[in-house]
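Hi,

Here is the structure I promised to pass on. Have a look at it first, and my notes follow below.

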Amino acid sequence: HTVRKYTAGAADLFVFLEVPVKHLKCRYLENIEYGAEDITVLKDGLAFFSTGLKYPPLPSFSDDPGKMYILDLLHPRPTPVMLQIKGQLDLSSFNPHGISVYTDETDGSVYLFVVNHPQKNSQIEIFSFVGGDTLLHLKTIIHPLLHSVNDIIAVGVENFYATNDHYFHNDALHFLTILLGLSWCDVVYYSPGDVRVAASAIMSSNGINISPDKRYIYVSDILDHEIDVFKRQEGEQLVFMKSVAVGSLCDNIEVDQKSGDVWLGCHPNSMKLSQFNPEDPPGSEIIKIKNIHSEQPVVTQEYVDDGHVLMASTVAAPYEGKLLIGTVFHKALYCNLK
Ligand SMILES: [Ca+2]
Ligand SMILES: [Ca+2]
């Protein structure tokens with residue numbers, strides 16, 4: 001494996017890396033043409049996808065509302081199937097972004113939490129996965145602290161942590177916070193009786209996930225090129241433990257439930273991403289962190305493409321020697337790690 005070289009300083013605002021290609025044995029997944037920004041996999045091999053995100057200034061190439069898909073990794077030829085959404089949710093403005101699943105161990109029921117941006121707002125949708133290809137919409141959560149939500153990690157049937165990736169909604173003010181390197185973003189804890197900032201001083205908090213033993217929370221500080229490790233305290237406050245430098249703009253985080261390895265979908269070149277040019281497309285980079293809690297975590301590049309196969313990777317979800325890779329606005333890959 002190639003160990004990531006840190007040529008750019010952690011304080012650099014933009015990473016201009018031209019990355020050498022490193023491929024795995026992969027194929028495109030059917031039915032995913034306009035991005036699968038987030039993917040997560042249940043222990044039984046069922047994977048959920050959020051697709052069709054519209055998140056300006058990032059490009060999107062379909063005017064259709066976003067949709068959720070499901071895929072069975074135990075099937076001989078896994079293929080994404082669109083999920084039918086029942087209930088009161090307005091599907092014409094559905095714009096799904098970060099996702100998380102929660103399994104209630106007492107009865108095995110599965111809840112899917114989805115960050116939704118109808119009319120550029122931020123809200124959280126909670127669905128019950130009732131089996132087959134059906135989601136039942138249970139409720140919408142709107143709160144002033146959940147103002148620019150990117151991703152979410154569910155820790156109960158109505159409890160979650162969520163990341164805000166902006167401090168200001170105004171584009172000019174937001175750009176100013178980036179220019180000045182202000183670490184004003186946060187992680188919010190939500191439960192029906194208690195909503196508060198659980199961690200702050202983050203430049204731009206993007207992906208969020210949890211360790212297999214549920215004791216630690218991982219947050220990607222995308223503009224700081226780091227993964228922050230927090231310990232969960234009594235009362236759900238998060239205590240900062242350390243940061244692991246990744247040398248890339250890492251988006252969503254998935255955790256291998258067996259090994260505890262942290263998998264990251266990353267953007268090797270932010271300029272190519274924000275100033276989209278099909279002649280010089282943004283690339284994709286998948287990074288893995290092994291032994292994240294040890295003194296010396298091992299950061300490796302597992303997949304790299306210059307954008308000619310896959311543009312703008314956001315997530316890499318491992319399962320039993322297989323890897324699903326999603327993107328902001330492009331296709332998705334099914335890869336073999338063995
Ligand atoms: Ca997620
Ligand atoms: Ca994200």
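Asp251 counts as buried because 28 C-beta neighbours lie inside 10 Å (the cut-offs are 20 or more other C-beta atoms within 10 Å for buried, 12 or fewer for exposed, and partly exposed in between, with C-beta atoms placed from the backbone). Asp251 sits in strand S20, residues 249-255 (strands are DSSP runs of E, at least two residues, and helices are runs of H or I, at least four, numbered from the N terminus). Beyond four places in sequence, the contacts of Asp251 include Asn206, His267 and Thr314; a contact means C-beta atoms, placed from the backbone, within 7 Å.

Before going on, please note that this is a predicted model: local features need pLDDT of at least 70, side-chain atom pairs count only at pLDDT 80 or more, and totals for chains, interfaces and linings use all residues. Residues are numbered from 1 along each chain as its sequence is written, while chains are lettered from A and ligands numbered from 1 in the order in which they are written.

Asn206, in strand S16 (residues 205-210), is buried too, because it has 25 C-beta neighbours inside 10 Å. Among its contacts outside four places in sequence are Asn150, Asp151 and Asp251.

The unreviewed UniProt entry annotates a "binding site" covering Glu37, Asp38, Ile99, Asn150, Asp151, Asn206, Asp251 and Asn252; positions follow the numbering used here, feature names are shortened, and annotations may be inferred rather than shown by experiment. Those residues span 216 residues in sequence, yet no two of their C-alpha atoms are more than 12.7 Å apart, so they gather at one spot.

Overall, the protein chain has two helices and 26 strands, and 46% of its 338 residues are buried.

Best wishes

Note on methods:
Two residues are in contact if their C-beta atoms, placed from the backbone, lie within 7 Å.
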